[in-house]
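The following exercises concern the architecture of a single chain. Each task is followed by a solution worked in steps.

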Amino acid sequence: MPFSLIASRKITRSTEDQPDIATRPKRIAGRARFDPDSRRTSNASLLCMLALPACLIGGSSAHAETSLLITDVGIVDVEAGTVSAGQSVLIRDGMIAEVGAVIAAPGEDVTRYDADGQYLIPGLWDSHVHIFSSPTEPDSALPLYLMNGVTGIRDMGAMWPIADQQSLQSQIAAGDVLGPRLILSGAWVDAAPGSWPGMFLADTPDQARAVVARIAAEGWAAVKTYSMLDEPTYLALAEAAHAQGLPLVGHIPERVALGTAIDARQDGMEHFGRIPMACSTAEAQMLDDLRGAVSEGADRAHIFAIMAARNRIVLETWDEALCHDVLARMAASGMHVSPTLVVADFYIGARPAPDAPRMRMIPADVREAWTRPDFRLDAMTDEVRELANETIALSRRTFLMAYRAGVPILASTDASFANPYLFHGFSLLDELDLYVAIGLTPREALYTATVAPSRFFGLADQDGAIAPGRRADLVLLDANPLESLAPLRRPQAVIVAGRLLDRAALDKMESDLLMNGE
Ligand SMILES: [Zn+2]
């Protein structure tokens with residue numbers, strides 16, 4: 001997305017980019033495995049008292065007490081790009097217990113589901129969302145994810161206190177609230193006064209170290225770096241995070257070069273704009289211009305004008321040979337990228353009609369806020385629109401080069417009530433469709449939402465494979481997703497932590513959301 005447009009969007013909206021709690025890449029030695037389900041135990045269903053659909057199906061019992069046997073199913077191996085037809089899968093206690101053509105002794109209490117030749121894929125992950133931008137957002141967000149086959153989300157920044165986020169996380173893990181697996185990656189750190197309310201602030205290396213100690217003590221899954229940090233503070237943050245065994249994810253600060261972030265071993269980067277910028281022969285000059293303005297005490301408007309001007313400069317100075325070098329370095333470093341390409345749709349007017357089902361499934365007040373006239377769109381001249389289109393085209397071209405160079409991609413959206421026209425659940429499928437439109441195969445796109453995130457997060461029980469010992473987060477489809485992603489739009493069933501949501505259950509979630517949205 002146009003870098004400047006995104007930048008201004010972040011500043012004016014309230015929850016856009018919150019903390020990322022990514023997780024940890026393998027290349028950092030000595031890190032403990034992150035287990036998102038191991039956080040404190042729940043303290044009751046506060047959420048259910050506030051809430052609607054999320055609670056309707058969520059009973060008091062933990063996951064699957066009974067076993068589930070899925071028969072006659074084609075198991076999709078996303079890594080290999082193959083389908084094994086005629087298989088059965090036995091699920092017990094939320095985990096895949098057995099997979100095979102014949103399951104000899106499934107047990108007496110088993111619930112049977114005849115898949116009748118359907119296809120089974122690992123549940124999807126959206127690696128960049130914000131579900132805590134309002135007190136009741138999870139009530140809509142959680143069912144929207146499950147309905148769309150998204151059984152795992154990484155929250156990148158929240159308006160809720162960490163203890164309340166962890167409470168919901170625990171309730172989901174315990175099966176008291178029905179929802180996707182939740183990773184809390186929203187401990188964002190910015191320079192004072194902070195781009196968002198409630199951020200951790202650091203203006204010196206010492207402050208960065210103190211902030212990381214707090215983040216570790218509070219139990220976040222990662223440290224999220226943010227846009228306005230200066231370079232010495234950023235470098236101290238990276239070092240302190242790694243010393244604590246926490247990954248460093250987030251925005252590469254606006255005054256820090258992409259190459260510096262690679263050298264600092266930043267583990268994950270959010271959004272994509274910094275990559276085309278690093279492919280510009282003017283990256284260093286652009287960084288210097290901003291450093292100069294900040295050190296001279298320029299006001300916010302001036303600083304944002306400088307950042308906004310970067311789009312055109314990048315278009316004029318993007319260099320293919322340089323880009324190959326940059327991407328090769330990124331790929332070698334293992335830095336994972338959460339591109340959130342779907343964010344750009346807002347600026348080119350690609351958005352659903354007011355009466356589209358996905359619009360009607362969000363609360364009326366949120367919908368109303370989204371449809372309010374937007375000064376940024378009103379101010380769009382033909383020239384700005386053309387610049388946006390060119391910037392998007394360059395971004396997509398660079399994305400394909402990055403993918404082909406081996407830069408690891410985590411499918412991601414920035415979905416939040418605070419971000420107009422970015423939808424929990426639906427937008428992840430839009431993002432995957434975009435990857436295919438840009439040139440990835442359906443298998444490659446699926447990989448970014450299944451195998452890649454579960455490995456990056458270092459989960460002990462998920463790696464994108466459908467095999468014994470893996471957590472039973474699965475999606476049943478009525479056609480082969482390796483040929484087209486279209487069947488993702490209507491899952492035949494979703495299994496989350498071993499619990500089966502058949503089509504009737506998914507329809508019920510949908511109708512509850514529609515009712516809630518009236
Ligand atoms: Zn965000």
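**Exercise 1. Identify the residues with the most contacts inside the largest nonpolar core.**

Solution. A nonpolar core is a set of buried Ala, Val, Leu, Ile, Met, Phe, Trp, Tyr and Cys residues joined through C-beta atoms within 7 Å. A residue is buried if 20 or more other C-beta atoms lie within 10 Å of its own, exposed if 12 or fewer, and partly exposed in between, with C-beta atoms placed from the backbone. The largest such core comprises 143 residues. Val 89, Leu 120, Leu 146, Val 189, Val 223 and Leu 237 have the most contacts inside it.

The model is a predicted one, in which local features need pLDDT of at least 70, side-chain atom pairs count only at pLDDT 80 or more, and totals for chains, interfaces and linings use all residues. Residues are numbered from 1 along each chain as its sequence is written.

**Exercise 2. Describe how α4 packs against α21.**

Solution. Step one: axes are lines fitted to C-alpha atoms, for helices over the stretch in contact, and angles run from 0 to 180 degrees between N-to-C directions. The axes of α4 (residues 137–147) and α21 (residues 503–516) come within 10 Å, crossing at roughly 145 degrees.

Step two: the contact joins Ser 140, Pro 143, Leu 144, Leu 146 and Met 147 of α4 to Leu 506, Met 509, Glu 510 and Leu 513 of α21. With Ala, Val, Leu, Ile, Met, Phe, Trp, Tyr, Cys and Pro counted as nonpolar, Asp, Glu, Lys and Arg as charged, and the others, Gly among them, as polar, this contact has 7 nonpolar, 1 polar and 1 charged residues.

**Exercise 3. Why is α10 roughly antiparallel to α11?**

Solution. Step one: α10 (residues 283–295) and α11 (residues 300–308) pack at an angle of about 180 degrees, and their axes are 10 Å apart. That angle makes the pair roughly antiparallel, since angles under 35 degrees count as roughly parallel, over 145 as roughly antiparallel, 65 to 115 as roughly perpendicular and the rest as oblique.

Step two: Asp 289, Leu 290, Ala 293 and Val 294 in α10 meet His 302, Ile 303, Ile 306 and Met 307 in α11. These residues divide into 6 nonpolar, 1 polar and 1 charged.

**Exercise 4. Is Ser 185 buried or exposed?**

Solution. Step one: Ser 185 lies in the loop between β8 (181–184) and β9 (188–190). Step two: Ser 185 counts as buried because it has 35 C-beta neighbours inside 10 Å. Step three: Gly 219 is 34 residues from Ser 185 in sequence, and their C-alpha atoms are 9.8 Å apart.

Note on methods. Helix = DSSP H or I, 4+ residues; strand = E, 2+ residues; numbered from the N terminus. Contact = placed C-beta atoms within 7 Å.
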